[in-house]
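This report walks through a two-chain model. Have the coordinates open while reading.

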Amino acid sequence: MLKRHAGWILAAPATLLVVLFLVLPVAATIASTFGDPKGVFAPYIAFFNSGFRRTVLWRTLEISLATTAISLVLGFFAAYAVSRAPSRMKSVLIIAAVFPLLTGVVVRSFAWLIILGKNGILNNFLVGIGITDQPFNMLYTQGSVIVAMVYLFTPLMILTLVGVLENIPDDVIQAASSLGARPSAVFRQVIFPLAVPGLIVGAVLVFTGSFTSYATPQLVGGERQMMMGTLMYQRAMVAFDWVGASTVAAIMVVITIAVVLVMTRIARRLNPMAT
Amino acid sequence: MTARLSPWLIAFTTLIYIFLAGPLVIVIGAALSDTTYLTFPPQGLTLHWFVRIFEIGAFRTTIVTSLQIAFLSTALALAIGIPAAYALNRYRIQLPAWLSTLFVLPILVPEIVLGFSLLRSVAAGMNAPIYASLLIGHTLIVLPYCVRVISASLSSFDFSVEEAAISLGSPPAKTFFTIVLPNVRSGVIAAFILAFITSINDVSTSIFLTGPGISTLPIQILAHVEQFFDPVIASVSVLLMFLTVAVMAIVERTLGLTFLAK
């Protein structure tokens, strides 16, 4: 009897913790948005009727997509170089990518305040070399949020892709080039298609991470570049509109889970190694 | 055999790595500057801003809270995560497949949604003390690392060794601690470090679970930046980075860092 349930008994504390304090509370948050007397979808209609909130959702999508695209490009080239580097160099480069990843989000976002601020390093430099007399307003713009987010997520992309690119056997690349393919053709026709599933995994991680971020838009974007995370905080803790905050939360959960499910399915279908 | 890399690619990669390292170097430089405002390169060198951290009561208390919460949540997550990982490997056929997905849910669900939901249901709904809610939140977000990393090391453990010990008369609990656990020691250490770093740097879950008198260091830094823009922020950031380096040095010593890339 005890032996037949040993697995469940051992897994029970962790299962209970996740069910009681994650599944149920999150479900309750989402459920709370459907209790409006004006109609089941009233909070959602209110959300999409508000021009301001629509802008926030749209901006969040734009910033997350731009961040994903840019860090895909940076991460792919860097990861390719790392994966083909001599082994000693490779471990140094991997550590150099892991280190920022283990440094907190606050520290890494705060760094951009020093760089992009009105009296920041970049403005001082631009004024110093005479490109401009007046410092630019670089902080609290969509561009500053994207730069800080790309900075935040590129190490994650590199580490995800190094693993994938390392698994492409050298033989395949050598076979292609010995058969006369030029390096650019090898890259486009051999390496890139084999890396697509990894690129999708990396893209999902970065997209969901930036879509639900809080600290970076708060520090670098401010009120002017409000994103879904900061909107949710503002609704809950400043306006005390808990239904409004729960609506934002529900939209975030739905979009995140939809992206994860759809993209992992596509990644599985596109994997040329699987067939 | 390594393929020849084009010089353009090497140059581009170097630029990317400069982009990755630059901001952290700037934060360190700004922390050492002998000015009352944040600047880089530092003008004059001083350690004054590091002393200043400990003169500010809010930083003193939040550093203590952050360390407490990080240690406690990691210990709790290991205490329930190790048995769960063991069950997932040892009793695979007894348990449904969705159980391993359940344990990674805290990574899948947006952290900020988890934080808000804990505030609604636990801190406000059940009237739980804020400290307990914060601890629960952190235990949840570090649990996936514990279960997954330890599961990975258990998957290469040969359970027939354990059965041999038991059939020779060793009690199951004793066998677990003397045979199984020592074999996955490196996994437990890796899980500990990942969990600790995740907890100590967390913002999104904690932002909703701090109240009067209880806050964590990253949240306190966020609050401080909004009022003051002085080098203390940089020095306290360097202190957080230093913790990371210390923890990474331990990983490097015990396991080698390449496991993180897998």
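In which loop of chain A is Thr132(A) found? The loop lies between α6 (121-128) and α7 (142-166) of chain A. The model is predicted, and everything below is computed from it.

**Two residues of chain A**

Start with Thr132(A). Is Thr132(A) buried or exposed? Thr132(A) has 10 other C-beta atoms within 10 Å, and residues with 12 or fewer count as exposed, so Thr132(A) is exposed. Setting aside neighbours within four places in sequence, Thr132(A) is in contact with Leu126(A) and Val127(A). Thr132(A) and Asp171(A) are 39 residues apart in sequence. In space, their C-alpha atoms are 53 Å apart.

Phe211(A) sits in helix α9 (residues 183-211) of chain A. Buried or exposed? Phe211(A) has 22 other C-beta atoms within 10 Å, and the threshold for burial is 20 or more, so Phe211(A) is buried. Which residues does Phe211(A) touch, not counting those up to four places away in sequence? They are Thr60(A), Ser64(A), Met228(A), Ile255(A) and Thr256(A). Phe211(A) and Ala79(A) are 132 residues apart along the chain. Their C-alpha atoms are separated by 23 Å.

**The chains one by one**

Chain A has 275 residues, and 44% of them count as buried. Its secondary structure comes to twelve helices and zero strands. Along the principal axes, the C-alpha atoms of chain A fill a box of roughly 80 × 70 × 35 Å. Take the contacts in chain A between residues at least 6 apart in sequence: 73% of these join residues at least 24 apart.

Chain B has 262 residues, with 45% counted as buried. Here there are eleven helices and zero strands. The C-alpha trace of chain B spans about 70 × 65 × 30 Å along its principal axes. Among contacts in chain B between residues at least 6 apart in sequence, 73% join residues at least 24 apart.

Chain B is also divided into domain 1 (1-46) and domain 2 (56-261). The C-alpha centres of these two domains of chain B lie 30 Å apart. How many residues of domain 1 of chain B are in contact with domain 2 of chain B? Nine residues of domain 1 are in contact with eight residues of domain 2. On the domain 1 side, the residues divide into seven nonpolar, two polar and no charged.

**Where the chains meet**

Between the chains, 68 residues of chain A are in contact with 73 residues of chain B. Which element gives the largest share of the chain A side? Helix α1 (residues 6-31) of chain A does, with 17 residues. By class, the chain A side has 53 nonpolar, twelve polar and three charged residues.

| Helix pair | Angle | Axis separation |
|---|---|---|
| α1(A) and α4 (residues 98-108) of chain B | about 50° | 10 Å |
| α4 (residues 87-102) of chain A and α1 (residues 7-32) of chain B | roughly 40° | within 10 Å |

Take α1(A) with α4(B). At about 50°, the angle makes these helices oblique to each other. Their crossing is left-handed. On the α1(A) side, Ala11(A), Ala14(A), Thr15(A), Val18(A) and Leu22(A) take part. They meet Leu99(B), Leu102(B), Phe103(B), Leu105(B) and Pro106(B) in α4(B). This contact has nine nonpolar, one polar and no charged residues.

Now α4(A) with α1(B). Their axes cross at roughly 40°. That makes α4(A) oblique to α1(B). The crossing of α4(A) past α1(B) is left-handed. Which residues of α4(A) meet α1(B)? They are Ala96(A), Ala97(A) and Pro100(A). Their partners in α1(B) are Tyr17(B), Leu20(B), Ala21(B) and Leu24(B). The residues of this contact divide into seven nonpolar, no polar and no charged.

Definitions and conventions. Residues are numbered from 1 along each chain as its sequence is written. Chains are lettered from A and ligands numbered from 1 in the order in which they are written. This is a predicted model: local features need pLDDT of at least 70, side-chain atom pairs count only at pLDDT 80 or more; totals for chains, interfaces and linings use all residues. Two residues are in contact if their C-beta atoms, placed from the backbone, lie within 7 Å. Helices (H or I, at least four residues) and strands (E, at least two) are DSSP runs, numbered from the N terminus. Ala, Val, Leu, Ile, Met, Phe, Trp, Tyr, Cys and Pro count as nonpolar, Asp, Glu, Lys and Arg as charged, and the others, Gly among them, as polar. Domain bounds come from an automatic or database domain assignment. Axes are lines fitted to C-alpha atoms, for helices over the stretch in contact, and angles run from 0 to 180 degrees between N-to-C directions. Angles under 35 degrees count as roughly parallel, over 145 as roughly antiparallel, 65 to 115 as roughly perpendicular and the rest as oblique. A crossing is left-handed if the near helix is turned anticlockwise from the far one by less than a right angle, and right-handed if clockwise.
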